[in-house]
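Subject: Structure handover

Hello,

Here is the structure for your files. My notes follow below it.

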Amino acid sequence: MSDIIPYVPVMLDCRNQHCLIVGGGKVAERKARNLLRGGAIITVISPKLSSELQELARLDRIHWIARHYESGDVLGSTGAERSGVKRYFLVHAATIHADVNRQVADEARCAGIPVNVADHHESSSFINPMVIRRGRLIASITTSGAGPVVGRRLAGELEQHFGQEYETYIEFLYYLRHRIKQVVQDPAERRRLLERASELDILEEIRQERFCWWEEPRIEEWIAQHRGEIT
Ligand SMILES: C[C@@]1(CC(=O)O)c2cc3[nH]c(cc4nc(cc5[nH]c(cc(n2)[C@H]1CCC(=O)O)[C@@](C)(CC(=O)O)[C@@H]5CCC(=O)O)C(CC(=O)O)=C4CCC(=O)O)c(CCC(=O)O)c3CC(=O)O
Ligand SMILES: NC(=O)C1=CN([C@@H]2O[C@H](COP(=O)(O)OP(=O)(O)OC[C@H]3O[C@@H](n4cnc5c(N)ncnc54)[C@H](O)[C@@H]3O)[C@@H](O)[C@H]2O)C=CC1
(Lines give C-alpha, C1' and ligand atoms only; values in the text may rest on other atoms or scores of the structure.)
(Ligands and ions follow the chains in the order given, each with its own letter.)
Protein backbone atom coordinates (compact mmCIF):
# COMPACT_ATOMS: atom_id res chain seq x y z
CA MET A 1 0.00 0.00 0.00
CA SER A 2 1.22 3.50 -0.78
CA ASP A 3 1.13 6.32 1.77
CA ILE A 4 -1.68 8.89 1.69
CA ILE A 5 -0.45 11.86 -0.33
CA PRO A 6 -1.20 15.06 1.65
CA TYR A 7 -2.83 16.88 -1.28
CA VAL A 8 -3.34 20.64 -0.96
CA PRO A 9 -6.76 21.61 -2.42
CA VAL A 10 -6.78 24.76 -4.56
CA MET A 11 -9.16 26.33 -7.13
CA LEU A 12 -7.43 27.29 -10.35
CA ASP A 13 -8.36 30.20 -12.56
CA CYS A 14 -7.54 28.73 -15.98
CA ARG A 15 -9.10 31.48 -18.09
CA ASN A 16 -6.93 32.17 -21.15
CA GLN A 17 -4.22 29.83 -19.88
CA HIS A 18 -2.63 27.44 -22.36
CA CYS A 19 -3.11 23.84 -21.29
CA LEU A 20 -1.79 20.70 -22.97
CA ILE A 21 -3.55 17.35 -23.19
CA VAL A 22 -1.53 14.44 -24.54
CA GLY A 23 -3.88 11.73 -25.83
CA GLY A 24 -7.25 12.08 -27.51
CA GLY A 25 -9.50 9.36 -26.07
CA LYS A 26 -12.35 9.18 -23.57
CA VAL A 27 -10.26 10.36 -20.63
CA ALA A 28 -8.62 13.22 -22.57
CA GLU A 29 -12.10 14.26 -23.64
CA ARG A 30 -13.27 14.54 -20.02
CA LYS A 31 -10.18 16.55 -19.04
CA ALA A 32 -10.75 18.83 -22.08
CA ARG A 33 -14.40 19.42 -21.15
CA ASN A 34 -13.37 20.38 -17.64
CA LEU A 35 -10.68 22.82 -18.83
CA LEU A 36 -12.91 24.34 -21.51
CA ARG A 37 -15.51 25.04 -18.90
CA GLY A 38 -12.80 26.90 -16.98
CA GLY A 39 -11.97 29.07 -20.01
CA ALA A 40 -8.59 27.47 -20.82
CA ILE A 41 -6.97 27.46 -24.26
CA ILE A 42 -6.35 23.84 -25.12
CA THR A 43 -3.83 22.05 -27.30
CA VAL A 44 -4.30 18.30 -27.81
CA ILE A 45 -1.44 16.17 -29.12
CA SER A 46 -2.68 12.80 -30.32
CA PRO A 47 -2.66 10.88 -33.61
CA LYS A 48 -6.41 10.21 -33.17
CA LEU A 49 -9.30 11.98 -31.48
CA SER A 50 -12.57 10.74 -30.00
CA SER A 51 -15.61 11.97 -31.93
CA GLU A 52 -16.38 14.68 -29.36
CA LEU A 53 -12.79 15.99 -29.51
CA GLN A 54 -12.93 15.90 -33.32
CA GLU A 55 -16.01 18.08 -33.17
CA LEU A 56 -14.28 20.50 -30.76
CA ALA A 57 -11.28 20.68 -33.12
CA ARG A 58 -13.57 21.31 -36.08
CA LEU A 59 -15.18 24.19 -34.16
CA ASP A 60 -11.70 25.56 -33.25
CA ARG A 61 -12.47 25.13 -29.54
CA ILE A 62 -9.26 23.10 -29.21
CA HIS A 63 -6.03 23.17 -31.19
CA TRP A 64 -5.16 19.66 -32.44
CA ILE A 65 -1.63 18.52 -33.25
CA ALA A 66 -2.27 15.24 -35.06
CA ARG A 67 0.73 13.08 -34.21
CA HIS A 68 2.35 11.10 -31.42
CA TYR A 69 3.92 12.93 -28.49
CA GLU A 70 7.53 14.03 -29.04
CA SER A 71 10.10 14.89 -26.43
CA GLY A 72 10.01 18.66 -25.83
CA ASP A 73 6.28 19.07 -26.56
CA VAL A 74 5.50 20.07 -22.96
CA LEU A 75 7.92 22.99 -23.38
CA GLY A 76 6.12 24.11 -26.53
CA SER A 77 9.45 23.71 -28.30
CA THR A 78 8.25 21.39 -31.08
CA GLY A 79 4.91 21.32 -32.87
CA ALA A 80 3.16 22.99 -29.97
CA GLU A 81 5.26 26.11 -30.60
CA ARG A 82 3.45 26.59 -33.85
CA SER A 83 0.21 27.07 -31.95
CA GLY A 84 1.72 30.21 -30.37
CA VAL A 85 2.21 28.70 -26.91
CA LYS A 86 4.99 30.23 -24.80
CA ARG A 87 4.54 28.08 -21.74
CA TYR A 88 1.87 25.62 -20.63
CA PHE A 89 -0.01 26.37 -17.42
CA LEU A 90 -0.75 22.70 -16.85
CA VAL A 91 -0.49 19.37 -18.62
CA HIS A 92 -2.57 16.18 -18.79
CA ALA A 93 -0.88 12.92 -19.76
CA ALA A 94 -3.82 10.79 -20.94
CA THR A 95 -2.57 8.39 -23.58
CA ILE A 96 -3.18 4.67 -23.38
CA HIS A 97 0.60 4.04 -23.05
CA ALA A 98 2.00 4.13 -19.51
CA ASP A 99 5.54 4.82 -20.75
CA VAL A 100 4.45 7.84 -22.84
CA ASN A 101 2.40 9.18 -19.93
CA ARG A 102 5.43 8.80 -17.65
CA GLN A 103 7.69 10.60 -20.14
CA VAL A 104 5.22 13.52 -20.37
CA ALA A 105 5.04 13.62 -16.55
CA ASP A 106 8.84 13.64 -16.15
CA GLU A 107 9.30 16.40 -18.71
CA ALA A 108 6.55 18.54 -17.20
CA ARG A 109 7.86 18.10 -13.66
CA CYS A 110 11.39 19.04 -14.81
CA ALA A 111 9.96 22.19 -16.36
CA GLY A 112 7.98 22.98 -13.19
CA ILE A 113 4.61 22.58 -14.91
CA PRO A 114 1.80 20.86 -12.94
CA VAL A 115 0.91 17.52 -14.54
CA ASN A 116 -1.86 14.97 -14.16
CA VAL A 117 -1.16 11.38 -15.20
CA ALA A 118 -4.37 9.53 -16.04
CA ASP A 119 -3.18 6.00 -15.31
CA HIS A 120 -1.00 6.59 -12.24
CA HIS A 121 -1.97 9.15 -9.65
CA GLU A 122 1.31 8.77 -7.75
CA SER A 123 3.11 10.33 -10.77
CA SER A 124 0.71 13.29 -10.87
CA SER A 125 1.43 16.65 -9.29
CA PHE A 126 -2.33 17.33 -9.23
CA ILE A 127 -5.46 15.19 -9.39
CA ASN A 128 -9.03 15.99 -10.41
CA PRO A 129 -11.78 15.78 -7.80
CA MET A 130 -15.45 15.02 -8.34
CA VAL A 131 -17.25 18.36 -8.51
CA ILE A 132 -20.74 19.68 -7.88
CA ARG A 133 -21.62 23.26 -8.82
CA ARG A 134 -24.30 25.64 -7.65
CA GLY A 135 -23.34 28.93 -9.26
CA ARG A 136 -20.55 30.40 -7.14
CA LEU A 137 -20.64 27.42 -4.82
CA ILE A 138 -18.27 24.66 -5.88
CA ALA A 139 -18.00 21.53 -3.75
CA SER A 140 -15.29 19.09 -4.71
CA ILE A 141 -14.39 15.77 -3.23
CA THR A 142 -11.60 13.30 -3.77
CA THR A 143 -10.71 9.93 -2.32
CA SER A 144 -7.00 10.49 -3.08
CA GLY A 145 -6.95 7.61 -5.52
CA ALA A 146 -9.43 5.18 -3.92
CA GLY A 147 -11.35 5.83 -7.11
CA PRO A 148 -14.28 7.52 -8.78
CA VAL A 149 -16.88 4.87 -8.03
CA VAL A 150 -16.93 5.62 -4.31
CA GLY A 151 -16.24 9.31 -5.10
CA ARG A 152 -19.34 9.52 -7.26
CA ARG A 153 -21.51 8.10 -4.48
CA LEU A 154 -20.15 10.66 -2.02
CA ALA A 155 -20.66 13.45 -4.58
CA GLY A 156 -24.27 12.26 -4.90
CA GLU A 157 -24.68 12.79 -1.16
CA LEU A 158 -23.30 16.32 -1.52
CA GLU A 159 -25.75 16.97 -4.37
CA GLN A 160 -28.61 15.98 -2.07
CA HIS A 161 -27.37 18.28 0.65
CA PHE A 162 -26.59 21.30 -1.51
CA GLY A 163 -29.80 21.76 -3.47
CA GLN A 164 -30.37 24.36 -6.23
CA GLU A 165 -31.39 26.94 -3.56
CA TYR A 166 -27.71 27.35 -2.70
CA GLU A 167 -27.06 29.11 -6.00
CA THR A 168 -29.33 32.05 -5.08
CA TYR A 169 -28.21 31.94 -1.45
CA ILE A 170 -24.50 32.22 -2.20
CA GLU A 171 -25.11 34.82 -4.92
CA PHE A 172 -27.05 36.90 -2.39
CA LEU A 173 -24.29 36.64 0.22
CA TYR A 174 -21.71 37.57 -2.42
CA TYR A 175 -23.72 40.66 -3.36
CA LEU A 176 -24.29 41.70 0.24
CA ARG A 177 -20.60 41.25 1.11
CA HIS A 178 -19.64 43.28 -1.95
CA ARG A 179 -21.87 46.16 -0.78
CA ILE A 180 -20.60 45.91 2.81
CA LYS A 181 -17.01 46.12 1.53
CA GLN A 182 -17.91 49.21 -0.46
CA VAL A 183 -19.49 51.17 2.36
CA VAL A 184 -17.84 49.93 5.57
CA GLN A 185 -14.12 50.62 5.93
CA ASP A 186 -13.48 49.53 9.50
CA PRO A 187 -12.36 45.83 9.44
CA ALA A 188 -13.90 44.93 12.81
CA GLU A 189 -17.21 46.48 11.86
CA ARG A 190 -17.11 44.73 8.50
CA ARG A 191 -16.47 41.37 10.09
CA ARG A 192 -19.38 41.86 12.47
CA LEU A 193 -21.69 42.72 9.59
CA LEU A 194 -20.51 39.73 7.58
CA GLU A 195 -21.24 37.49 10.55
CA ARG A 196 -24.71 39.02 10.82
CA ALA A 197 -25.20 38.41 7.08
CA SER A 198 -24.29 34.75 7.45
CA GLU A 199 -26.94 34.40 10.19
CA LEU A 200 -29.76 35.61 7.92
CA ASP A 201 -32.39 32.96 7.30
CA ILE A 202 -32.33 33.46 3.55
CA LEU A 203 -31.79 29.79 2.68
CA GLU A 204 -35.06 28.78 4.31
CA GLU A 205 -36.88 31.67 2.61
CA ILE A 206 -35.56 30.51 -0.77
CA ARG A 207 -36.60 26.92 -0.05
CA GLN A 208 -40.11 28.08 0.80
CA GLU A 209 -40.20 30.35 -2.26
CA ARG A 210 -40.74 33.36 0.02
CA PHE A 211 -37.46 35.09 -0.85
CA CYS A 212 -37.46 38.40 -2.77
CA TRP A 213 -34.08 39.70 -3.88
CA TRP A 214 -33.02 42.70 -1.76
CA GLU A 215 -32.95 45.91 -3.77
CA GLU A 216 -30.44 48.65 -2.99
CA PRO A 217 -32.53 50.61 -0.40
CA ARG A 218 -33.16 47.46 1.64
CA ILE A 219 -29.46 46.61 1.68
CA GLU A 220 -28.53 50.14 2.74
CA GLU A 221 -31.15 50.05 5.46
CA TRP A 222 -29.90 46.68 6.69
CA ILE A 223 -26.30 47.89 6.78
CA ALA A 224 -27.25 51.11 8.58
CA GLN A 225 -29.32 49.16 11.08
CA HIS A 226 -26.57 46.69 11.96
CA ARG A 227 -23.34 48.63 11.59
CA GLY A 228 -23.70 50.49 14.89
CA GLU A 229 -24.46 47.34 16.87
CA ILE A 230 -22.31 46.68 19.90
CA THR A 231 -21.65 43.00 20.54
C1 LIG B 1 -6.38 9.95 -8.93
C2 LIG B 1 -7.21 10.44 -10.12
C3 LIG B 1 -6.25 11.24 -11.00
C4 LIG B 1 -6.93 12.06 -12.07
O5 LIG B 1 -7.14 11.55 -13.16
O6 LIG B 1 -7.15 13.24 -11.78
C7 LIG B 1 -7.82 9.32 -10.92
C8 LIG B 1 -7.09 8.21 -11.28
C9 LIG B 1 -7.56 7.07 -11.92
N10 LIG B 1 -8.85 6.88 -12.35
C11 LIG B 1 -8.95 5.64 -12.89
C12 LIG B 1 -10.12 5.08 -13.41
C13 LIG B 1 -11.34 5.74 -13.62
N14 LIG B 1 -11.59 7.10 -13.41
C15 LIG B 1 -12.86 7.38 -13.77
C16 LIG B 1 -13.49 8.68 -13.66
C17 LIG B 1 -13.01 9.81 -13.02
N18 LIG B 1 -11.80 9.90 -12.39
C19 LIG B 1 -11.65 11.09 -11.79
C20 LIG B 1 -10.61 11.46 -10.99
C21 LIG B 1 -9.47 10.76 -10.71
N22 LIG B 1 -9.09 9.58 -11.26
C23 LIG B 1 -8.44 11.30 -9.73
C24 LIG B 1 -8.87 11.20 -8.27
C25 LIG B 1 -9.94 10.18 -8.01
C26 LIG B 1 -10.34 10.05 -6.58
O27 LIG B 1 -11.14 10.85 -6.08
O28 LIG B 1 -9.83 9.14 -5.93
C29 LIG B 1 -12.83 11.99 -12.02
C30 LIG B 1 -13.47 12.27 -10.65
C31 LIG B 1 -12.52 13.34 -12.61
C32 LIG B 1 -11.76 13.36 -13.94
O33 LIG B 1 -11.25 12.38 -14.43
O34 LIG B 1 -11.69 14.45 -14.46
C35 LIG B 1 -13.73 11.13 -12.97
C36 LIG B 1 -15.18 11.01 -12.58
C37 LIG B 1 -16.04 11.54 -13.69
C38 LIG B 1 -17.52 11.53 -13.30
O39 LIG B 1 -18.06 10.51 -12.88
O40 LIG B 1 -18.13 12.58 -13.42
C41 LIG B 1 -13.48 6.17 -14.21
C42 LIG B 1 -14.92 6.07 -14.63
C43 LIG B 1 -15.12 6.47 -16.06
O44 LIG B 1 -14.15 6.62 -16.82
O45 LIG B 1 -16.32 6.59 -16.40
C46 LIG B 1 -12.52 5.13 -14.14
C47 LIG B 1 -12.72 3.63 -14.47
C48 LIG B 1 -13.23 2.91 -13.24
C49 LIG B 1 -12.17 2.66 -12.19
O50 LIG B 1 -11.07 2.17 -12.51
O51 LIG B 1 -12.45 2.96 -11.00
C52 LIG B 1 -7.67 5.01 -12.82
C53 LIG B 1 -7.37 3.60 -13.28
C54 LIG B 1 -6.92 3.60 -14.74
C55 LIG B 1 -6.52 2.20 -15.16
O56 LIG B 1 -6.53 1.28 -14.35
O57 LIG B 1 -6.18 2.07 -16.34
C58 LIG B 1 -6.80 5.93 -12.24
C59 LIG B 1 -5.29 5.77 -12.00
C60 LIG B 1 -4.93 5.69 -10.54
O61 LIG B 1 -5.77 5.46 -9.66
O62 LIG B 1 -3.73 5.87 -10.29
N1 LIG C 1 -7.79 9.18 -14.56
C2 LIG C 1 -8.94 8.75 -15.01
O3 LIG C 1 -9.96 9.36 -14.72
C4 LIG C 1 -8.99 7.53 -15.88
C5 LIG C 1 -7.83 7.05 -16.44
N6 LIG C 1 -7.85 5.99 -17.28
C7 LIG C 1 -6.57 5.73 -17.96
O8 LIG C 1 -6.37 6.81 -18.90
C9 LIG C 1 -5.69 6.38 -20.07
C10 LIG C 1 -6.46 6.75 -21.34
O11 LIG C 1 -7.69 6.08 -21.35
P12 LIG C 1 -8.78 6.30 -22.53
O13 LIG C 1 -8.91 7.73 -22.83
O14 LIG C 1 -9.98 5.51 -22.14
O15 LIG C 1 -8.03 5.56 -23.75
P16 LIG C 1 -8.36 5.67 -25.32
O17 LIG C 1 -7.82 4.42 -25.93
O18 LIG C 1 -9.77 6.06 -25.53
O19 LIG C 1 -7.45 6.88 -25.78
C20 LIG C 1 -6.06 6.85 -25.82
C21 LIG C 1 -5.61 8.00 -26.68
O22 LIG C 1 -4.18 8.10 -26.63
C23 LIG C 1 -3.72 8.45 -27.92
N24 LIG C 1 -2.30 8.09 -28.03
C25 LIG C 1 -1.77 6.86 -28.11
N26 LIG C 1 -0.41 6.96 -28.16
C27 LIG C 1 -0.09 8.27 -28.13
C28 LIG C 1 1.12 9.00 -28.16
N29 LIG C 1 2.31 8.39 -28.22
N30 LIG C 1 1.07 10.35 -28.12
C31 LIG C 1 -0.13 10.99 -28.05
N32 LIG C 1 -1.32 10.34 -27.99
C33 LIG C 1 -1.30 9.00 -28.04
C34 LIG C 1 -4.62 7.67 -28.87
O35 LIG C 1 -4.63 8.25 -30.17
C36 LIG C 1 -5.98 7.85 -28.17
O37 LIG C 1 -6.59 9.04 -28.60
C38 LIG C 1 -5.49 4.90 -19.88
O39 LIG C 1 -4.18 4.71 -19.40
C40 LIG C 1 -6.52 4.49 -18.83
O41 LIG C 1 -6.08 3.39 -18.10
C42 LIG C 1 -9.01 5.37 -17.59
C43 LIG C 1 -10.21 5.75 -17.04
C44 LIG C 1 -10.27 6.92 -16.16
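A residue counts as buried if 20 or more other C-beta atoms lie within 10 Å of its own, as exposed if 12 or fewer do, and as partly exposed in between, with C-beta atoms placed from the backbone. This is a predicted model, in which local features need pLDDT of at least 70, side-chain atom pairs count only at pLDDT 80 or more, and totals for chains, interfaces and linings use all residues. Residues are numbered from 1 along each chain as its sequence is written, and chains are lettered from A and ligands numbered from 1 in the order in which they are written.

The predictor gives an ipTM of 0.95 and a pTM of 0.93 for the complex.

Helix α1 covers residues 26-37; helices (H or I, at least four residues) and strands (E, at least two) are DSSP runs, numbered from the N terminus. Buried in α1 are Ala28, Glu29, Lys31, Ala32 and Leu35. They lie on the same side of α1, because they cover an arc of only 165° around the axis (taken from the directions from the helix axis to the C-beta atoms). Lys26 and Arg37, both exposed, sit on the face turned away from that buried side. Just after α1, Gly39 has a positive phi of about 85°.

Around ligand 2 there are 20 residues (C-beta atom, placed from the backbone, within 6 Å). Gly24, Gly25, Val27, Ala118 and Asp119 come nearest. α1 gives the most to this shell, with three residues.

Regards
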